[in-house]
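Please read them with the structure open beside you.

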Amino acid sequence: MRLAVLLLLLPALASPAGAFLFGGASDKSAAAKLAQMSSSFERGNCEAVLESFPGFLAEKPSARLREEAYGYAGRCYERSGSADKAISIYKLALGLYPDNSFFTSRLAFIYNQAGFYSDAVPLFLKVLELKSDDVAANLGLARAYAALGFYAKAKTFYSLAVVLQDFSDTAVLREYAGVMLKKRDWPEALFITKKGAAAAPAAAFWPLVEARVMAGQGDYYKALPLIEAAIRLEPSRQLRLERALYLLLAGLPKRAIEAADPELAVNRNDALAASVKGMALYLLGMKTDANAYFTVARGGGPFTAAIAASFLKGSSGATEGPWGK
């Protein structure tokens with residue numbers, strides 16, 4: 001079992017713990033303490049691992065013994081929520097063992113989780129130089145690039161990750177499709193959608209992505225049956241109002257009002273529903289009626305507030321409204 005844990009933690013070592021017992025007297029004592037740390041780690045007892053760690057270091061163990069111990073201590077600091085201590089351990093270990101991809105990888109993942117994406121990128125690249133088919137590193141790098149807004153670079157590594165997974169992880173497929181929508185890469189978004197729908201045909205997410213691809217290209221008529229399919233699979237206010245927006249943008253204001261009214265009946269202060277109805281009334285030439293709904297929308301979030309302000313300004317005596325004369 002101990003060898004299995006060692007191989008999991010430190011693939012670069014691949015040396016059975018028994019090989020460390022042929023050092024001096026100090027190394028023998030340190031190896032005994034390391035064995036205790038290993039046993040505690042296997043049992044999930046990170047408190048015992050971290051309690052043993054200073055005593056282990058006090059034995060002045062050999063470099064190869066310390067390499068394994070740093071792995072246990074780093075993972076235990078991660079599990080305990082002490083990311084700063086884990087970072088310190090991994091940075092120290094990387095200085096001593098620059099070719100050990102385990103330390104590089106763990107440090108990169110911590111940086112990603114903490115939002116330090118620029119720091120994570122070179123570390124993930126270093127891991128992939130050693131092992132280009134590392135799924136976790138490809139995915140971690142894709143996420144870092146996506147968070148930084150480098151969607152073209154993110155696409156490269158998401159693509160590698162999903163291929164290496166044989167398109168089996170639907171959560172990653174969802175993530176990838178979402179990034180491709182942001183990139184406005186419609187063909188890739190549709191390709192991933194087909195893979196995702198094949199794996200999870202009952203998920204509303206996939207017809208929703210297709211609908212957004214169509215809407216992103218301005219084809220709201222094609223988007224409508226797709227968003228309706230998503231609503232049938234997973235009814236929600238958000239999807240119903242997205243459908244209402246598509247109706248509005250497709251030039252069907254009366255149907256958009258019919259879609260917004262049930263949401264306003266439930267909550268007359270629903271800012272998004274009020275925005276939709278206000279815009280639909282505005283298109284129908286009913287500007288006075290529309291203003292009452294824009295006043296409600298103005299009390300919503302930044303998106304609806306901006307829309308409402310634009311229309312209210314346009315109907316307050318200006319020669320042009322937000323959609324022209």
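1. A search of the whole structure finds one disulfide, the term being used for a pair of cysteine sulfur atoms within 2.5 Å. The partners are Cys46 and Cys76, whose sulfur atoms are 2.2 Å apart. Cys46 belongs to helix α3 and Cys76 to helix α4, so the bond ties together parts that are 30 residues apart in sequence. The torsion about the S-S bond of Cys46 and Cys76 is about -75°, and the disulfide is therefore left-handed. Helices here (H or I, at least four residues) are DSSP runs, numbered from the N terminus.

2. Cys46 counts as buried at 13% relative accessibility, and Cys76 counts as buried at 0%.

3. A word on the basis of these values: this is a predicted model, in which local features need pLDDT of at least 70 and side-chain atom pairs count only at pLDDT 80 or more, while totals for chains, interfaces and linings use all residues. Residues are numbered from 1 along each chain as its sequence is written, and side-chain values use heavy atoms, with hydrogens and water left out.

4. The count of salt bridges comes to 11, a salt bridge being a side-chain nitrogen of Lys or Arg within 4 Å of a carboxyl oxygen of Asp or Glu. One of them joins the side chains of Arg106 and Glu78 at 2.6 Å, N to O. This pair links distant parts of the chain, with Arg106 in helix α6 and Glu78 in helix α4, 28 residues apart. Arg106 and Glu78 are both buried.

5. Another salt bridge is formed by Arg143 and Glu175, with the closest N and O atoms 2.6 Å apart. Because Arg143 lies in helix α8 and Glu175 in helix α10 (residues 170–183), the pair ties together parts that are 32 residues apart in sequence. Arg143 counts as partly exposed at 35% relative accessibility, and Glu175 counts as partly exposed at 27%. Salt bridges that share partners also join Arg75, Glu78 and Arg106 into one network.

6. Which residues of α5 are buried? They are Ala86, Ile87, Ile89, Tyr90, Ala93 and Leu94. An α-helix has 3.6 residues a turn, so residues three or four places apart point the same way. The buried residues pack against α3 (46–58), α4 (63–79), α6 (101–114) and α7 (117–130), with contact meaning heavy atoms within 4.5 Å. The face of α5 turned away from the buried side carries the exposed residues Asp84 and Gly95.

7. Lys277, in helix α16 (residues 271–283), deserves a look of its own. Lys277 counts as buried, at 12% relative accessibility. Leaving aside residues up to four places away in sequence, Lys277 touches Ile257, Ala260, Asp261, Leu264 and Tyr293. The side chains of Lys277 and Tyr293 are joined by a polar contact of 3.2 Å, that is, a pair of N or O atoms within 3.5 Å, of which, within protein, one must be able to donate a hydrogen and the other to accept it, and for which residues adjacent in sequence count only if both atoms are side-chain atoms.

How values were computed. Buried < 20%, exposed > 50% of the residue type's maximum accessible area, 1.4 Å probe, protein only. Helix = DSSP H or I, 4+ residues; strand = E, 2+ residues; numbered from the N terminus.
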